[in-house]
Amino acid sequence: MSHAQQHPNPNSSELPTTTAQLNHTVVYATDRHLSAEFLAAVLELKVGAPFGPFIPVDLGNGVTLDYYEFRDGPIQSQHYAFLVPDTRFDAMIARLEVLGVTYYADPGHTEPGHTEPGRTNDLFGGHGAYFADPDGHNMEILTRPYARP
């Protein structure tokens, strides 16, 4: 029995895991409230109560994005991909349109000659789209996970 199994976290109501799982990650933002509210609006999620310097967005699968205000320099763009229900994909695209956010069929929407604005893709038998958040993070919504070899 592993150490974690012998001494589970007393603050956790869940059983110990048997493999490593992502629990949370920090997302840098120039305005943590704005960025958290933006993503929550697009994905139909709720923004949690502040937790120290973080504004959390719970993704519903045990993973939390903790938005942290970073003002000491430019924010390095990161990529975040969200597996979303097929039945909610069109509503998410509609919210992007209402917000005036351009979405793209391909991930290279920031590269000249590689853009397909206002279009979605049909990778792996599902639907997908890419869009930028307020700080330029490359966000992706997809209804089927990538088929990996």
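Reader: Which residue in strand 7 is the bridge partner of glycine 128?
Author: Leucine 142 is the partner of glycine 128 there. Strands here are DSSP runs of E, at least two residues, numbered from the N terminus. This is a predicted model, where local features need pLDDT of at least 70, side-chain atom pairs count only at pLDDT 80 or more, and totals for chains, interfaces and linings use all residues. Residues are numbered from 1 along each chain as its sequence is written, and side-chain values use heavy atoms, leaving out hydrogens and water.

Reader: How many bridges do strand 6 and strand 7 pair over?
Author: Five, in the antiparallel sense, with strand 7 covering residues 138-142. Pairing takes at least two DSSP bridges between two strands.

Reader: And what's in the turn of that hairpin?
Author: Five residues lie between strand 6 and strand 7, and glycine 136 in the turn has a positive phi of about 85°.

Reader: Which way does strand 5 run against strand 6, parallel or antiparallel?
Author: Antiparallel, with two bridges joining strand 5 (residues 103-104) to strand 6. Tyrosine 103 has phenylalanine 131 as its bridge partner in strand 6.

Reader: OK, new topic: why does tyrosine 28 count as partly exposed?
Author: Because its relative accessibility is 40%; buried is under 20%, exposed over 50%, and partly exposed in between (1.4 Å probe, protein chains only). Tyrosine 28 sits in strand 1, residues 24-29.

Reader: What does tyrosine 28 touch?
Author: Leaving aside residues up to four places away in sequence, tyrosine 28 touches Tyr68, Phe70, Ile75, Asp135 and His137, where contact means heavy atoms within 4.5 Å.

Key: Helices (H or I, at least four residues) and strands (E, at least two) are DSSP runs, numbered from the N terminus.
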